[in-house]
Amino acid sequence: MAVLVTGGAGYIGSHMVLALVDRGEDVVVLDNLSTGFRWAIAPSAKLIEGDVGDIEKVGSIIAEERIDSIIHFAGSIVVPDSVSDPLGYYLNNTVKSRALIEAAVTGGVTHFIFSSTAAVYGMPETFPVREDAPLAPISPYGSSKMMTEIMLRDSAFAYDFNYVALRYFNVAGADPAGRSGQSTPRATHLIKVAGEAVVGKRSHLDVYGTDYDTPDGTCVRDYIHVSDLARAHLLALDHLRGGGDDLVMNCGYGRGFSVLEVIDAVKRVSGVDFEVRMAARRPGDPAALVAGAERIRERLGWTPERDRLDDIVADALNWEKKLKDSGLNS
Ligand SMILES: NC(=O)c1ccc[n+]([C@@H]2O[C@H](COP(=O)([O-])OP(=O)(O)OC[C@H]3O[C@@H](n4cnc5c(N)ncnc54)[C@H](O)[C@@H]3O)[C@@H](O)[C@H]2O)c1
Ligand SMILES: O=c1ccn([C@@H]2O[C@H](COP(=O)(O)OP(=O)(O)O[C@H]3O[C@H](CO)[C@@H](O)[C@H](O)[C@H]3O)[C@@H](O)[C@H]2O)c(=O)[nH]1
C-alpha cells in the first residue's frame, strides 16, 4: 500500500515525503508544480504531475498505486492573494478538495489527513487559542480551509471515511539534514524573509506594525519547525491506520515570539546585522496567535524535537544559503 501526498513538491509536502520515505513507506506525489519543484521530491518517491481537482486521474492513481491514505497539502496559500482573488482560492482550496475527497470515498481510501490552518480562527479572543474556539476566518484563504474541514466532518459522518485535520500555526525552518526547505521565490513569511535579508537577496526587512497590544508592540506568533510538523502527520497516519477516531488538532508549541524577538534570533544566529525598518500594520494580522497545544500531545503523543527558536532559524538559514549557492529556485 502507498501514501498519496498531494502538494508533495511544495515546502511542507516535501518534508512530509522525506519523513515518509525515511521510515520506509511507499509514496506517490500528486502535484501540478504551480509553486512546487520537481527537485524537492525525495528520489524514491514517485511524482505524478497533475491536478487534485482531476477526479478521474485521482481515481486511477488510487486504484493503480494501491493508495491506502491521502495526505492533502496541495493548495494556494498567500492570504492577501486570497483577498484579491477569492474565487480562485475557493476553486483551488475548496472545490478541488471536494473532488479529492469524492475520489477518496469512491476509491475506498479511508484515511485522510488535511492541512488546515490557524487562519480558521480569524482574530481569536482567547490566548492561547484552543480547537474548540469559534471559527471566524477573516480571509477567503481561512474560509476556504474551514469549508474543507466541514466537508471532511460531514463525509466522515456519512461514509466509511476517517480524517485528521491539522491546523498549522506558523511553519518555519527546514530539514535539519539540508535536503529540503522553503524555496518559493515570492515568499512573505517572516523567517524566510529575514533569511533572504541575511544572504543579501533583500536590502532590508519591514516590521509590519509596532503598536499592537503585545509586550513589545509587534505581533506574536507560534513558530513550529517543519520537521516536527511532518512527524505530527506520521503520528496522525498511524492513528488512522490503527482505527482511530476523527481528530481536529492545532499544530504549534503553545508559546509565542514577537516579530522583534524573531529578528533578534536571526541576527544572533547568522551574525549578520541587516537593516530593519519599522512600517505600518499589514491588514488582517491578528496581534497574537499562539496554539493551545495540549490536544495533539494527549491524543497522538506528539513531542517536539526541534522547538528552540534558534534551531528553527539555524535550519532556515542553512537552507537559504544552499538555495543561494545552488540557484535552485531562480
Ligand atoms: N506555510 C505555512 O505556514 C502554512 C500554514 C498553515 C497551513 N498551510 C497549508 O499547508 C499546505 C502546504 O503549504 P506550503 O507552505 O507547503 O505551500 P507550497 O505552495 O510550498 O506547496 C503547495 C504545493 O501544492 C501544489 N499545488 C497547488 N495547487 C495544486 C493543485 N490544484 N493540484 C496539485 N498540486 C497543487 C503546488 O505546486 C505546491 O507544490 C497548504 O495547504 C497550506 O494552506 C501552510
Ligand atoms: O516581512 C515581514 C513578514 C512578516 N512580518 C510579520 O511577522 C508576523 C508573521 O507573519 P507571516 O510569517 O507572514 O505569517 P502569518 O501572517 O502569521 O501567517 C502564517 O501563519 C498562519 C497561521 O498562523 C497561516 O495560516 C498562514 O498560511 C501563514 O502564512 C506577522 O505579524 C507579520 O506582520 C513582518 O513584520 N515583516
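Four elements, helix 1, helix 4 (86-107), strand 5 (111-117) and helix 5 (140-158), each supply at least two residues of the shell around ligand 1. Helices here are DSSP runs of H or I with at least four residues, strands are runs of E with at least two, and both are numbered from the N terminus. This is a predicted model, in which local features need pLDDT of at least 70 and side-chain atom pairs count only at pLDDT 80 or more, while totals for chains, interfaces and linings use all residues. Residues are numbered from 1 along each chain as its sequence is written, chains are lettered from A and ligands numbered from 1 in the order in which they are written, and side-chain values use heavy atoms, with hydrogens and water left out.

**Around ligand 1**

- Ligand 1 is surrounded by 29 residues, where a residue is near a molecule if one of its heavy atoms lies within 4 Å of it.
- D31, T35, N92, Y141 and K145 are the closest of these residues.
- Strand 5 gives the most to this shell, with 3 residues.
- By class, the shell around ligand 1 has 12 nonpolar, 13 polar and 4 charged residues; Ala, Val, Leu, Ile, Met, Phe, Trp, Tyr, Cys and Pro count as nonpolar, Asp, Glu, Lys and Arg as charged, and the others, Gly among them, as polar.
- A polar backbone atom of Y11 is 2.8 Å from an oxygen atom of ligand 1, and a backbone N or O atom of I12 also lies 2.8 Å from an oxygen atom of ligand 1.
- For G36, a backbone N or O atom lies 3.1 Å from an oxygen atom of ligand 1.
- Taken alone, ligand 1 exposes 840 Å², and the protein buries 96% of that; such areas come from the Shrake-Rupley method with a 1.4 Å probe.

**Helix 1**

- Y11 and I12 are among the buried residues of helix 1, and 11 of its 12 residues are buried.
- Buried means under 20% relative accessible area, exposed means over 50%, and partly exposed is in between (1.4 Å probe, protein chains only).
- The 12 residues of helix 1 (residues 11-22) should span 16 Å at 1.5 Å a residue, and its end C-alpha atoms are 17 Å apart, which agrees; the expected span is 1.5 Å times one less than the number of residues.

**Around ligand 2**

- Of the 21 residues around ligand 2, T117, N170, D206, R282 and D285 come nearest.
- T117 has a polar side-chain atom 2.3 Å from an oxygen atom of ligand 2, and N170 has a side-chain N or O atom 2.7 Å from an oxygen atom of ligand 2.
- With D206, a polar backbone atom is 2.7 Å from a nitrogen atom of ligand 2.
- Ligand 2 exposes 690 Å² when taken alone, and the protein buries 91% of that.
- Helix 6 (190-198) and strand 8 (204-208) are the elements that give two or more residues to this shell, and strand 8 has the largest share, 3 residues.
- The shell around ligand 2 divides into 13 nonpolar, 4 polar and 4 charged residues.

**Two residues of strand 4**

- H72 lies in strand 4 (residues 67-72), and H72 counts as buried because its relative accessibility is 1%.
- The side chains of H72 and T6 are joined by a polar contact of 2.7 Å, meaning a pair of N or O atoms within 3.5 Å; within protein, one must be able to donate a hydrogen and the other to accept it, and residues adjacent in sequence count only if both atoms are side-chain atoms.
- D68 also lies in strand 4, and D68 counts as buried at 15% relative accessibility.
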